[in-house]
Amino acid sequence: MPKTVAEINEKIKRGDAVVVTAEEMIDIVQENGAKRAAEMVDVVTTGTFGPMCSSGAYINLGHSKPKIKLGGGRVYLNEVPVFAGFAAVDILIGATSIPDDDPRNRSYPGEFRYGGGHVIEDLVAGKDLRLVASAYGTDCYPRKHLETLININDVNEAVLFNPRNAYQNYNVAVNLSDKIIYTYMGVLKPNLGNANYCSAGQLSPLLNDPYYKTLGIGTRIFLGGGIGYISWWGTQHNPSVKRTENGLPAVPAGTLAVIGDLKQMSQRWLRGTTMLGYGVTLTVGLGVPIPVLNEEIARYTAVRDEDIWTQIVDYSSAYPEGKAEAVGKVNYAQLKSGTITLLGKKVPTGSLSSYPGAREIATTLKEWIKERRFLLTEPVAPLPGAGSGYTFKGLRIREG
Amino acid sequence: MISRKLVLSFPPSLVDKLIIYRLVKEHDLEFNILKAAVTQNEEGMLIMELTGEKENYERGINYLKETGVHIQPLSKDVIFVEEKCTSCGACVPQCPTAAFVVEPVSRKILFYEERCIACEICVKVCPYKAMKMRW
Ligand code: SF4
Ligand code: SF4
């Protein structure tokens, strides 16, 4: 008997919903079959905790006396430039922003010790941040300079808003050249010195609902240690890629845009992150609950690392040149074993996404639901699906 | 035979070269300097591997201590700040001595500091600054 989200919520409110993590669901389906598992289990929780560059936070600072119009001016938080292209006192901190005087990659590889991701972490941790701003001054907003400490507890809104998180599967990065390279996939040693991956695999949200059948716009989620929502499909959402027979894409595919009140999030799950020679980013903790509406969903949520295949890409040439070729294919069980064999060579693997973090998120979300602190939502609108024809385009450079 | 990697710190008043010379000459030890530096407060710092017969080694160490040199085993110089570690695993394939191990069940990263030779690679590679130098 298929269930509805409303029925599951009734069970949650009564305190008798059966909630398990995506890891626990594997054994349940193996032992009981998907049909029976769909009757037994109401919700499967997922999680992921990895660097997600398209992340940011916007803040409404409140008005100073006399007032200043930051929009169109320049604003820094702890020396990191933030976006000031909205109204008078709305600013946006982008995770990858870095101080103007950071040497960047002039001393290669750049260290990138502090940037937007760290500002967001410090903000959510309740630390004071130094704001320095200059504006052009208007009749209604006469002030031209502002220097002050700000704190998350004093500002009006502080909202985490990430245009692209939770990639559904990702490349494995290797280096075929004879020089070490520094990438957003970490440090890659020459001649296949290591292979780095970045996905929670069997715990990853979009790999447990590969066709986006239960989640969509409006879905309530775990975000940064608090509650957030899927606000849209993420940028570069690419649902139309080729899939294996279990529905899983073997290349990066779907993505999520997410939003939530930063004031109820925690530093534990929003971490400023440094990628040597590459830059600064934010590591985001995110978890999605999946209502087990029927046998089909039960089957999806039982996905195992060995079923999830991904492509291995050379980041010394194919990736920067935008060539589509892959060096090979591998599954997450192989990656997690610590070594893979590639072109006849044993290659040690490294991860960027934290599996213990993903597991803790899925477990936390499970506890929230069991304690009736978190109810499921029905999506307001679906994400573009595998049959939608929606694709991810490149940029054609042209002269005007 | 004994072979240990040590961190020696010399107060500003001591001339390190002479001490090492005597250590080698008079106590019949072999050494290999892995790193030498002067810290912010003008202390000399030397990371070296000291090798020799057990008896000689112990006499040599006593000699160093008598001259006022502070000695500690090397591994303690790279510190694992557990609260900052996310157990991502980015350090695992980078460490030349396999000092990081993924615990197979929890998948948490364990740091075996006695394997560490203080090459500092993980200090640069760790995205969360969970590995840091004492100096
Ligand atoms: S790279 Fe840093 S955070 Fe990641 S496992 Fe190693 S020490 Fe921990
Ligand atoms: S300093 Fe070098 S040897 Fe020590 S743990 Fe880090 S990478 Fe390994």
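**Folds, loops and ligand sites of chains A and B**

Pro109(A) is located in the loop that connects β7 (90-94) with α3 (116-124) of chain A; helices (H or I, at least four residues) and strands (E, at least two) are DSSP runs, numbered from the N terminus. The peptide bond that runs from Tyr108(A) to Pro109(A) is cis, and its omega is near -10°. The structure is a predicted model, in which local features need pLDDT of at least 70 and side-chain atom pairs count only at pLDDT 80 or more, while totals for chains, interfaces and linings use all residues. Residues are numbered from 1 along each chain as its sequence is written, chains are lettered from A and ligands numbered from 1 in the order in which they are written, and side-chain values use heavy atoms, with hydrogens and water left out.

Chain A contains eight helices and 26 strands. Its radius of gyration is 22 Å, close to the 21 Å that the globule rule gives for 400 residues, so chain A is as compact as a globular protein of that length. Here the radius of gyration is taken over C-alpha atoms, and the globule rule is 2.2 Å times the number of residues to the power 0.38. The C-alpha trace of chain A spans about 70 × 60 × 40 Å along its principal axes. Of the 400 residues in chain A, 56% are buried; buried means under 20% relative accessible area, exposed over 50%, and partly exposed in between (1.4 Å probe, protein chains only). Among contacts (heavy atoms within 4.5 Å) in chain A between residues at least 6 apart in sequence, those joining residues at least 24 apart make up 73%.

A cis peptide bond also joins Lys65(A) and Pro66(A), with omega about -10°. Pro66(A) belongs to the loop between β4 (56-60) and β5 (74-77) of chain A. Positive phi angles occur in other loops of chain A. Asn78(A), which is not a glycine, has a positive phi of about 45° and lies in the loop between β5 and β6 (80-82). With a relative accessibility of 22%, Asn78(A) counts as partly exposed. Leu192(A), likewise not a glycine, has a positive phi of about 55°. Leu192(A) sits in the loop between β13 (186-188) and β14 (195-197) and counts as buried, at 6% relative accessibility.

Val19(A) is part of strand β1 (residues 19-21) of chain A. Its relative accessibility is 4%, so Val19(A) counts as buried. Leaving aside neighbours within four places in sequence, the contacts of Val19(A) are Val43(A), Thr45(A), Lys366(A), Ile369(A) and Lys370(A). The C-alpha atom of Val19(A) is 9.6 Å from that of Val292(A), although the two residues are 273 apart along the chain. Val292(A) is also touched by Val41(A), together with Lys3(A), Val18(A), Val20(A), Met25(A) and Ile28(A), when residues up to four places away in sequence are not counted. Val41(A) is placed in the loop between α2 (22-40) and β2 (43-45). At 1% relative accessibility, Val41(A) counts as buried. Val41(A) and Val187(A), 146 residues apart in sequence, are separated by 41 Å from C-alpha to C-alpha.

Chain B has three helices and eight strands. Read from the N terminus, its elements follow the order β-α-β-β-α-β-β-β-β-α-β. The C-alpha trace of chain B spans about 50 × 35 × 20 Å along its principal axes. Chain B has 135 residues, of which 44% count as buried. Of the contacts in chain B with a separation of 6 or more, 64% are between residues 24 or more positions apart.

The residues around ligand 1 (those with a heavy atom within 4 Å of it) are Cys85(B), Thr86(B), Ser87(B), Cys88(B), Gly89(B), Ala90(B), Cys91(B), Ile109(B), Cys126(B), Pro127(B), Tyr128(B) and Met131(B). Nine residues of this shell are nonpolar, three are polar and none is charged. In this division Ala, Val, Leu, Ile, Met, Phe, Trp, Tyr, Cys and Pro count as nonpolar, Asp, Glu, Lys and Arg as charged, and the others, Gly among them, as polar. Ligand 2 is surrounded by 14 residues, the closest being Cys95(B), Cys116(B), Cys119(B), Glu120(B) and Cys122(B). Its shell consists of 12 nonpolar residues, one polar and one charged.
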